[in-house]
Amino acid sequence: MDYQNLTLSQIYDEAEAVAGDAKTLFGRLNSEQLNWKPAADSWSVAQCLDHLITINQEYYPVFDRILKGEYRKTFWHGMPFLPAIFGRLMVKTLSPDSQRKLKSPGAARPSSSSIDPQIVDRFIAHQRETLAKMRLLGNSDLAGMIITSPFLSVVVYSLLDTFRLIVAHERRHFAQAQRVMETGGFPTVQTSQYRER
């Protein structure tokens, strides 16, 4: 999928699909499976979902200020071509096909402790909230509204690229979570429930 050129309707469809796929892919995993890691420095499925919730929520204050008409531009917003360059670069870098490894900002790193199995339902509810905010902002000048990255003040991109970035980043970590599930040693489902038959 070409995340750099997604239209608004395609973004909405992809965000909806992410919520559905979360239930399909991860909804039946138990606590042990959700928290299993291939290595000490790897992430579990639960950590991938926790990370996405944390990252996306960093955009919520920006979205809310735009909706209230309170968002203020900075010097960087007016730099010619800079938002378009940063936007395309960020979407490309965080897309699932990108081979580039990135270190997550400190505030966005997932919990290192065991995450409860309700993380899947929490992610789905969070995804629906994110999509609702996107739809509320859909009547804005998405290509012309420039925002500052919540993680680096000199990085700016359009609201439309922000939406593209969100769904691309989600798919990137879904792919990571699926690789965890395909790794040798991933816990199998307990068979004790079938022995009682």
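Read from one end of the sequence to the other, the protein runs α-α-α-α-α-α-β-β-α-α. That makes eight helices and two strands, where helices (H or I, at least four residues) and strands (E, at least two) are DSSP runs numbered from the N terminus. The model is a predicted one, so to speak of local features takes a pLDDT of at least 70 and side-chain atom pairs count only at pLDDT 80 or more, while totals for chains, interfaces and linings use all residues. Residues are numbered from 1 along each chain as its sequence is written, and side-chain values use heavy atoms, with hydrogens and water left out.

On the whole-chain level, 45% of the 197 residues in the protein are buried. Here buried means under 20% relative accessible area, exposed means over 50%, and partly exposed is what falls in between (1.4 Å probe, protein chains only). As for contacts (heavy atoms within 4.5 Å), take those in the protein with a separation of 6 or more: 80% of them come from residues 24 or more positions apart.

Now to the helix packing. Two packed helices are described by the angle between their axes and the distance between the axes. The axes are lines fitted to C-alpha atoms, for helices over the stretch in contact, and the angles run from 0 to 180 degrees between N-to-C directions. Helix H6 (residues 119–137) has two packing partners to look at here, H7 and H1.

With helix H7 (residues 159–181), the axis of H6 comes within 11 Å and crosses at roughly 160°. H6 and H7 are therefore roughly antiparallel, going by a scheme in which angles under 35 degrees count as roughly parallel, over 145 as roughly antiparallel, 65 to 115 as roughly perpendicular and the rest as oblique. The crossing of H6 and H7 is left-handed, a label used if the near helix is turned anticlockwise from the far one by less than a right angle (right-handed if clockwise). On the H6 side, Phe123, Gln127, Thr130, Met134 and Leu137 take part, and they meet Leu159, Phe163, Ile166, Glu170 and Phe174 of H7. Sorted by class, this contact of H6 with H7 has seven nonpolar, two polar and one charged residues; Ala, Val, Leu, Ile, Met, Phe, Trp, Tyr, Cys and Pro count as nonpolar, Asp, Glu, Lys and Arg as charged, and the others, Gly among them, as polar.

H1 and H6 pack at an angle of about 175°, and their axes are 10 Å apart. H1 and H6 are therefore roughly antiparallel to each other. From H1, the residues in this contact include Ile11, Tyr12, Ala15, Val18 and Phe26, and from H6 they include Val120, Phe123, Ile124, Gln127 and Met134. By class, the contact of H1 with H6 has twelve nonpolar, one polar and four charged residues.

Charged pairs come next. The structure holds seven salt bridges, each a side-chain nitrogen of Lys or Arg within 4 Å of a carboxyl oxygen of Asp or Glu. In one of them, the side chains of arginine 171 and glutamate 14 meet at 2.6 Å, N to O. Arginine 171 sits in helix H7 and glutamate 14 in helix H1 (residues 8–26), so this pair ties together parts that are 157 residues apart in sequence. Arginine 171 also meets aspartate 21 in a salt bridge, at 2.9 Å, N to O. Aspartate 21 is in helix H1 too, so that pair ties together parts 150 residues apart in sequence. Put together, Glu14, Asp21 and Arg171 are linked in a network of salt bridges. Within it, arginine 171 is buried at 15% relative accessible area and glutamate 14 is buried at 9%, whereas aspartate 21 is partly exposed at 26%.

Arginine 164 is buried at 13% relative accessibility, and aspartate 161 is buried at 8%.

Two further spots are worth a look. Serine 31 belongs to helix H2 (residues 31–35) and is partly exposed at 30% relative accessibility. Leaving aside neighbours within four places in sequence, serine 31 is in contact with Ser114, Ile115 and Pro117. Proline 83 lies in helix H5 (residues 82–94) and is buried at 10% relative accessibility. Between proline 83 and isoleucine 146 there are 7.0 Å in space, C-alpha to C-alpha, and the two are 63 residues apart in sequence.
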